[in-house]
Amino acid sequence: MEKRFYQKEIETMDRESMRALQSERLVKQVKHVWDNVPYYRNLMEEKGVTLDDIKGIDDLHKLPFLTKDDLRDQYPYGLLATDIENCVRIQSTSGTTGKRVVAFYTQDDVNLWEDCCARALVAVGADKGDVCQVSYGYGLFTGGPGLNGGSHKVGCLTLPMSSGNTDRQIQFMLDLGATVLCCTPSYAAFLAESLKEAGLSPEDNKLKAGIFGAEPWTEEMRRDIEKNLGIKAYDIYGLTETSGPGVAFECREQSGMHINEDHFVAEIIDPDTGEVLPEGEKGELVFTSLTKEAFPLLRYRTRDITVLSREKCSCGRTLVKMKKPMGRSDDMLIIRGVNVFPSQIETVLLKEGYTPNYQIVVDRVNNTDTLDVYVEMNPESFSDVVKDIGSDADKLAGAMKTMLGISPKVHLVAPKSIVRSEGKAVRVIDNRKLHD
């Protein structure tokens, strides 16, 4: 298969040259932040770090961390590193509690972000002959604008659909011959379900690839989407805080996401101690923005748990890979002393032949944690016979206990009875927080 790149010189750069580029950019970026962000300069001074201490990438570990709490505390302008008249856009998180995180962009920031998204599209085989259907949300959410801009840079015919209005999504997908689909994995699964209900098979669409991100999803869900849409499904990673999707992306090898190291330096740390861990060890992902002008974050703690790898990739890219996040250090559920990630439950469901439509409800009754999992049955296996449903629920609960180490109460519910999300799926309801 032909190896294709959007910016080959960068994407295939040797390790020594990349480190030299990162070092040069880091020194420049730290000075930019020191001069323009008093809040971060104070953090450096509190830690006893000066500009002279940062001579290259090997000194990165000396810098203080930033967290989402810092971003909320400094809302809206406290971390802005340029004059507001130099900014052309904001994007914002979909945060559900407290103040939103607002990120600022200069025109150069937008251009570099769109280049990152273009790299992701080319990596899955897109070119100017493709029709790219962008079904991420537009507006403050970064998904739509990022992939929209990347699609333009590649030269694809871009369908700026945004999320929702599924009937129109399907009409345009079929009538205009969309070949690449960009959306959340839960919405891709919903589109596949809707196409099937309309009596359409995977052969009826022209899709060849999908770029899915913004929420956790498992390998089992990947295979499910690939089968039901007749495509290859690829992961993409990003955060509003660092720019948006395109920080890292999968290639056709589908064995982890290449990080755009010329713009973002990745570290893995122990989430408890902050210590930098050796390559190959699992820990919390930390990013430093090397080229952002308006909102450059140094050592930003993502809370995502993953592993970095520099194993040679058959696609020819030399950019370091991150594995699909295995959960989040702050979204991890601790239930009766056991660490539980929603992705573990999804893995069991898909292995047992259930849909990825589920909801986890955690509560505390008589000082004991409870774990209830509501799972939709497949239409073909739906049965009104109560004893059959009870037996299937017990079997599924047993499989979950094997995976999790604790016993959940499983509720099998009718098809389509769990509310669908056309944006990020709300998988977990933790009612214990209401009693704090």
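This is a predicted model: local features need pLDDT of at least 70, side-chain atom pairs count only at pLDDT 80 or more; totals for chains, interfaces and linings use all residues.
1. Helices here are DSSP runs (H or I, at least four residues), numbered from the N terminus.

2. On the H5 side, the contact (heavy atoms within 4.5 Å) is made by Asn111, Trp113, Glu114, Asp115, Cys117, Ala118, Leu121 and Val122, and on the H6 side by Pro145, Gly146, Leu147, Gly149, Gly150, Ser151, Lys153 and Val154. By class, the contact of H5 with H6 has eight nonpolar, five polar and three charged residues, with Ala, Val, Leu, Ile, Met, Phe, Trp, Tyr, Cys and Pro counted as nonpolar, Asp, Glu, Lys and Arg as charged, and the others, Gly among them, as polar.

3. Asp108 is also found in helix H5, and Asp108 counts as partly exposed because its relative accessibility is 42% (buried is under 20% relative accessible area, exposed over 50% and partly exposed in between, with a 1.4 Å probe and protein chains only). Although Asp108 and Thr291 are 183 residues apart in sequence, their C-alpha atoms are 9.1 Å apart in space.

4. Helix H2 (residues 15–36) and helix H3 (residues 38–46) pack at an angle of about 110°, their axes being 6 Å apart. That makes H2 roughly perpendicular to H3. Val30, Val33, Trp34, Asp35 and Asn36 of H2 meet Pro38, Tyr40, Arg41, Met44 and Glu45 of H3, and the residues of this contact divide into six nonpolar, one polar and three charged.

5. The second largest pocket holds about 670 Å³ of space. Of the 32 residues that line it, the closest to its centre are Glu193, Lys196, Asp224, Asn228 and Asn378. Helix H8 (185–197) and helix H9 (219–229) are the elements that give two or more residues to this lining, and the largest share, eight residues, comes from H8.

6. On the basis of the model, residues are numbered from 1 along each chain as its sequence is written, and side-chain values use heavy atoms, with hydrogens and water left out. Local features need pLDDT of at least 70 and side-chain atom pairs count only at pLDDT 80 or more, whereas totals for chains, interfaces and linings use all residues.

Definitions and conventions: Axes are lines fitted to C-alpha atoms, for helices over the stretch in contact, and angles run from 0 to 180 degrees between N-to-C directions. Angles under 35 degrees count as roughly parallel, over 145 as roughly antiparallel, 65 to 115 as roughly perpendicular and the rest as oblique. On a 1 Å grid over the protein atoms alone, a cavity is a set of points where a 1.4 Å probe fits but cannot get out, and a pocket is an open set with protein on both sides within 12 Å along at least five of seven lines; lining residues have an atom within 4 Å of a point. Grid points are joined across faces, edges and corners, and a volume is the space filled by probe spheres set on the points.
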